[in-house]
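Subject: Structure handover

Hello,

Here is the structure we spoke about.

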Amino acid sequence: MNPSPSPPRDPDLLEEALGLGRGGSPPWRLAFVEDCVETSGAFVLHHFLKRALSTEGDGTVIFLGLAQPFSHYDRVLRKMGCNLSVQRNKNKLHFIDLLNLEFLGADEKGENDIEIGFMDLYNRILRYIEAIRSKDYNGGWTTIIIDDLSHLEIAAHGSVKHVLDFLQYCGSLTSEMDCSLVILNHEDIHSSDEALQMLSHLDYISDVLIKAETLSTGIAADVHGQMTVIIKDAPGGLIKKLHSFQFKVKENGVEFFYPGSRF
Amino acid sequence: MATAADGRLQGARSASASSFSRARSSPSAVLPSPRNPGVKLGPNGATFVSSGIPDLDRILGGGFLLGSLVMVMEDADAPHHLLLLRNFMSQGVVHRQPVLFASPLRDPRAFLGTLPSPVSSSKEHRQRETTVDHNQQDQEKGLRIAWQYKKYFGDQQSSQIHNRDVKQEFSNDFDLRKTLERQHVQHIEIMSIQDIPHLTILRDRCSNFLSGLPRSDGGNLSAGRIAIQSLCAPQCGYAEMDWDLVAFIRFLRSIIRSSNVVAVITFPTSFLSPAFLKRWQHLADTLLSVRAIPDEDKDMAKLLTGYQDMLGLLHVHKVAQNNSQVPTVLEASTFSLKLQKRRYLVLERLNQAPVEASSGTSYSTSGTCSGPSKGSSLDF
């Protein structure tokens, strides 16, 4: 199908940009992946998921699947060479199926319900982490992945306060419990005036921002979009490093390359 | 006698099946499920149903994905989205798939009277098909043979819903000037969402519809269709209910994900704030928009061929990607919506006008459908 010889293997620019070595812990705690309608950033989550599960160190993942059912992730990751069902049975992956998550019933509107719902969710995550750390814990790194934040907002019926509180709690987990948090968020939803508060808050608490955008010329067969990785020296701090490159998503992984370097 | 005939029928079927599997070698071709012509299997464990517009099926790489949510952004001034809805529902009727229709009209039943009827005989229609490559003609022939046999043996399945001369195909052409007869559309479940203050009722209706679907057993895939017209139109009375609406869409999306149903929602964009418009777009698996074109735009008429025949434009923003992370890259994302012979809806790529005023070629004749793997041939 592909007559041309495969190009020499590019260094993984995303890993480089994020300062990820072989295995071990990432040098950051809270990463936001921001995408838009034209370019989905879900592949970055798949990348993190695969990476966290495949390292030799006993990485574990807690995955909050709000956007897709487990079967979707299972099929996608299988094509990338990672069997989620097996990882789930080995307790390396804790998949929390939240596709049907709704804190409110269809008609009643109670602030309390949202709060209780978020507390339940947080406690579930906490229980998983404690379970991971209790039994023969050997310093493995835990990654919490949320796909995606906009669904959490819908489940909370638009209550920004509760969502931010929840993220605050999860953020505190990362410093107490040796784990990192990766959250997919749709940037274009929050870029209008009324929702800017959310975005600036998220911007503040994160220490890594990964933005996936389309090229201004639109999506192309060879370049699916461009990615900007912003590393801050501390949450809310100054920008330490900024990387920019282009990507092409494939079934078995993602190719990253510098603009113009492919041709 | 009967067994020999069955054998021949099988033979005819396998012949058609083999021609289909040959076609499968082309990137985005898909295999029709042998027992149910309304459902087609595709890559990544996907199952498709037809949108009712053969060209649109081809553009989307097979049709609408079962378990996906299709959203159509309406034109503020023109009812072009209704063309898509009508064909979508008619196709469901032809394949005897359960259909649920929710509409802000006071009497949705009246809308069912406007559903187009499938093109009857194979003689005069689909002349453009003659230019399609031979592979496809082979398939047609195979199907026709199987169909002939079915006629001789009085297949029980061709009940009164189907005109005897309508071929059982994955997608039909629909004649917009003829409407489906009343007894055919009476199985469509209808619901008016006008003046219903709570979305709970619509939710219940949708989940009841899903639970009422026949279970699919083994190879015999069944499918259902939900069509919701103008979900956030002002007459629904959903003002100040933005969060309820997105919650409903999320709910619908989550319940159809695990079922054999495709839902199409059309919505007017002007009633949503920019932030919520983006939310709606993110929730869609397949996102389309339709736009009318002004009647007398001299500049455009000079620029594009066949401008006079165009009804409007259809834009493909997003194509459903279940079970895959690779985005679909289309060769073109804007298509002109035309009526062929004032009857059939066709989608054509926009063509810049040459000097002479020849009519543009149909999408089907202009090459294969682009899929994600199509691009790899350009990979160098």
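The expected span of a helix is 1.5 Å times one less than its number of residues; helices here are DSSP runs of H or I of at least four residues, strands are runs of E of at least two, and both are numbered from the N terminus. This is a predicted model, with local features needing pLDDT of at least 70 and side-chain atom pairs pLDDT 80 or more, while totals for chains, interfaces and linings use all residues. Side-chain values use heavy atoms, without hydrogens and water, residues are numbered from 1 along each chain as written, and chains are lettered from A and ligands numbered from 1 in the order written.

Helix α5 of chain A (residues 111-134) has 24 residues and should therefore span 34 Å, which agrees with the 34 Å between its end C-alpha atoms. Its buried residues (under 20% relative accessible area, 1.4 Å probe, protein chains only) include A:F118, A:L121, A:I125 and A:I129. The buried residues of α5(A) pack against β2, β3, β4, α6, α7 and β5 of chain A.

In chain B, the 12 residues of helix α7 (200-211) reach 16 Å, close to the 16 Å expected. Among its buried residues are B:L202, B:R203 and B:C206.

Regards

Key
Buried < 20%, exposed > 50% of the residue type's maximum accessible area, 1.4 Å probe, protein only. Contact = heavy atoms within 4.5 Å.
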